[in-house]
Structures are given as C-alpha cells and as structure tokens.
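Biologist: Before we discuss any assignments, please show me the model, and then let me ask what stands behind each label.

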Amino acid sequence: MGPVARIERVGFVGLGVMGGAQCANLLRSSGLPVAVYDISPGAVAELAALGAEPAATVPELAASCDVVFLSLPGGEQVADVVLGADGVFAAARPGTVVVDLSTSPVDLAKRAGERARSRSLHFVDAPVARTRQAAIDGTLSITAGGDADVIAAVEPLLRTMASDLVHCGPNGAGALMKIVNNMVVFETVVALAEALTLVRRSGLVDPEVAFAALANGSAASFTLENHGRKALLPDVHGEGIFPAAYMRKDLGYALDAAADADTTLPAARLAHELLGRTCDLGYAGNYHTAVVRVIEERGDG
C-alpha cells in the first residue's frame, strides 16, 4: 500500500450544509492551502472568500492534493466521486489519503478501502455526527474506519472539525457506527413523538411540563434536548437541516448492513416505514422530526 504522503496541500469536495462549515474550520486552523470543489458556484465562492483555492474539476483537485476530504449527500455520490472513471482514485497520486466525511453504506466503505490499497492510496471512512452548529463550532464527533497509522496522520486535520474522534476499526467500521448512531437517534425521535402525541391527546399534562419531567428522569438524552425541545415540542420542522429523505436513506443503509450481517432490526424497519410515510406526506425536505405528523395521523398510534 505504501506510506502516507507528506501532507502539504488539502482538498475538499462538497461544500453543503455540513461540508462548508467543516472546510471553513479546516482553512482557519490547518495552516495548509486548501483546494475546493462543489457543483454550486456560490458555495465555492464563499470558501474562496475565506482563502480556499477553487478547482475546476474533481480530478484536478485530486491530482494536486495529499489529503482529499469528501462531504457528500450519500453513497451514490460518494461512489461516483471516489470510484468513477473521472473520480478521485483515478487522479490521485500514490500515498494520497481520501477521507469520506459523508454518511455512506458500510459495503461502499469496505470496497473503497480495497480499491485504495490496490492503487497505493489510503481511504478512511470518517462520517461526522452532531448538528450544523457543531460543524460551525468545530465540535463534531467522528467515527473513523481505516488503518491506525493513516488515521493518525490525518487526525490533526480532523481535529480542526471535531472535538471527538474514535477509531472504530478497519474500513467500514466508521461508516457502521455512524449509521447505528443515526438509527438510535431516529428511533428515539419516534419514541419522543409518540410520547408527545399521547400527552397531547390525553389532555392531562401540559407538553412543556411533560418534556421537563422526561428531562429529569431516565428518558433524558441529547435527542430529547436537541430534537424534542427544539423541534417536536414547538412542532417546527424546517428545511435545510437534516431532512426526512436523508434520514430514510441512512435507515436504509442500516437495514442493508443488517441483511449483510444476517440479522433483523424490527424497530429500524418500522422507523424506515414511518420515514417513507413522512416523505409521502410531503415532508421529504423537512427536518426528520416531521415524523410526528405521521404518528399523529396513525389510527394505531
């Protein structure tokens, strides 16, 4: 596989809701030149204003950088950008490290790792967790999969974006843990949505009081505070945050991973079904907490 290249120039592909903020922190804190690429000229312009160097194409960026970060919507885009004929692997020099910050399928992370090794490259699946504000603040959580020495080489760069980093195992392990994280978060959102619906229909407890009581008990959680109080309780499910369609995709990845592991996830399957219904009701672009609208309409709860 060969050694990791000396890191003198970094590239970043995908400057969306999360990627733009992560790239900005990388620019501010790494002390390295950063090349950027996105299909949105406006997103590129914002980073260029901070000192980034726009690249005309992905191959141009990959050929000139020692580490290439990706922050893309999902596995389809990652596969195309990494493994495609005009992708990162085809253009990158030996020793280059490709770090996928996206939420991607476990199988894709494994395949990318194998392909990287065959080309004397390095691949790390390093999906990020936490909120858009955490991306802005540089306090994301990263679960990483890949070789320990490769992760150690890029850790200073990852630390410009994240306050927590866990090396979970070989390629695929980081992707798996991000999918598991999102599965647990959304299943908890469903539980909170059910609790809120029951409280409202009972007429016995003010919903604000109910959530305060939950927060004081063993149901207290990050999800209660950040999804429950801020979205479910006010029944506000804005766009441009973490839409139901994206969460449905991630739950689909979890179900695929379960099938590969010869196991079943009944709660995740129900959650995936609820997300499908949420999208069908017209909330595909809304924050995934809009699932409460589906639960409120279900005759069976």
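Modeller: Let me begin with Ser120, which sits in the loop between α6 (106-118) and β6 (122-125), where helices (H or I, at least four residues) and strands (E, at least two) are DSSP runs numbered from the N terminus. This is a predicted model, in which local features need pLDDT of at least 70 and side-chain atom pairs count only at pLDDT 80 or more, while totals for chains, interfaces and linings use all residues. Residues are numbered from 1 along each chain as its sequence is written, and side-chain values use heavy atoms, with hydrogens and water left out.

Biologist: Why is Ser120 called partly exposed?

Modeller: Buried means under 20% relative accessible area and exposed means over 50%, with partly exposed in between (1.4 Å probe, protein chains only). Ser120 has a relative accessibility of 30%, and therefore counts as partly exposed. Its phi is also positive, at about 60 degrees, although Ser120 is not a glycine.

Biologist: What makes Asp262 exposed or buried?

Modeller: The relative accessible area of Asp262 is 72%, which is over the 50% limit, so Asp262 is exposed. Asp262 is found in the loop between α12 (244-260) and α13 (266-283), and phi of Asp262 is near 60 degrees, a positive value in a residue other than glycine.

Biologist: How do you know that Glu225 forms a salt bridge with Arg229?

Modeller: A salt bridge is a side-chain nitrogen of Lys or Arg within 4 Å of a carboxyl oxygen of Asp or Glu. The closest N and O atoms of Glu225 and Arg229 are 2.8 Å apart, so the pair meets that definition. Both residues lie in helix α11 (222-232), four residues apart, about one turn of the helix.

Biologist: What makes a space a pocket, and how much space lies in the largest pocket?

Modeller: On a 1 Å grid over the protein atoms alone, a pocket is an open set of points with protein on both sides within 12 Å along at least five of seven lines, whereas a cavity is a set of points where a 1.4 Å probe fits but cannot get out; lining residues have an atom within 4 Å of a point. The largest pocket holds about 1,300 Å³, where a volume is the space filled by probe spheres set on the points, and grid points are joined across faces, edges and corners. Its lining has 50 residues, and those closest to the centre are Val17, Met18, Ile241, Phe242 and Tyr246. Helix α11 contributes the largest share of that lining, six residues.

Biologist: Which residues lie nearest the centre of the second largest pocket?

Modeller: They are Val106, Leu176, Asp256, Ala257 and Ala258, out of 17 lining residues. The second largest pocket has about 330 Å³ of space, and α12 gives the most to its lining, with six residues.
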